[in-house]
Amino acid sequence: MKLSTKGRYGLRAMVDLADHGEHGPVPISSISARQDITVSYLEQLLAKLRKAGLIKSVRGAQGGYELTRNAKEISVGDILRALEGDLTPVNCAELTHDEKSCSGSKYCVTKFVWQRINDSIQDTVNNIWLSELVEDSRRIEQKPFVRECEN
């Protein structure tokens with residue numbers, strides 16, 4: 001499974017919003033500048049996140065975007081599904097013995113591989129919280145740049 005720029009950039013935007021939104025709405029231009037994502041592309045991503053109920057827009061001079069829930073309550077899975085849609089790597093990974101989708105599903109051994117991969121993906125993205133990414137981001141920003149030895 002390969003995520004598109006929608007998922008990657010949208011996740012970065014949500015981390016930025018959670019990190020900088022503690023004192024009110026965050027202007028889209030600020031997110032754009034910090035994350036090096038064009039405002040027009042961010043508008044598309046934020047519209048999807050708003051439609052999914054993860055963020056809301058605030059109008060006015062001090063307007064921008066805010067999370068609708070605490071960052072501890074928003075999983076990476078919530079964000080990626082809002083932006084990418086279903087994260088299932090192959091269709092049969094979410095099926096048991098549904099012959100409508102595959103005539104050989106009753107006897108297919110490889111579907112168990114796809115189901116395990118799917119379960120791992122879902123478990124991973126559903127158990128990483130936006131608040132954890134904000135903490136990681138702050139920790140990374142605090143570390144000084146250390147150049148590796150060239151030997």
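Reader: How do the axes of α1 and α4 cross?
Author: The axes of helix α1 (residues 5–20) and helix α4 (residues 76–84) come within 9 Å and cross at roughly 135°, where axes are lines fitted to C-alpha atoms, for helices over the stretch in contact, and angles run from 0 to 180 degrees between N-to-C directions. Helices (H or I, at least four residues) and strands (E, at least two) are DSSP runs, numbered from the N terminus. This is a predicted model, in which local features need pLDDT of at least 70 and side-chain atom pairs count only at pLDDT 80 or more, while totals for chains, interfaces and linings use all residues. Residues are numbered from 1 along each chain as its sequence is written, and side-chain values use heavy atoms, with hydrogens and water left out.

Reader: And which residues make that contact?
Author: On α1 they are K6, G7, G10, L11 and M14, and on α4 they are V76, I79, L80, L83 and E84, contact meaning heavy atoms within 4.5 Å.

Reader: Switching to the strands, how many bridges join β1 to β2?
Author: Four bridges join strand β1 (residues 55–58) to strand β2 (residues 64–67), and the two run antiparallel; strands pair if DSSP finds at least two bridges between them. Within this pair, I55 stands opposite L67 in β2.

Reader: What lies between them?
Author: The two strands form a hairpin with five residues between them, and G60 in the turn has a positive phi of about 110°.

Reader: What about α2 and α3, at what angle do they pack?
Author: Helix α2 (residues 28–35) and helix α3 (residues 39–51) pack at about 115°, with their axes 10 Å apart. Residues I28, S29, I31 and S32 in α2 meet V39, L42, E43 and L46 in α3.
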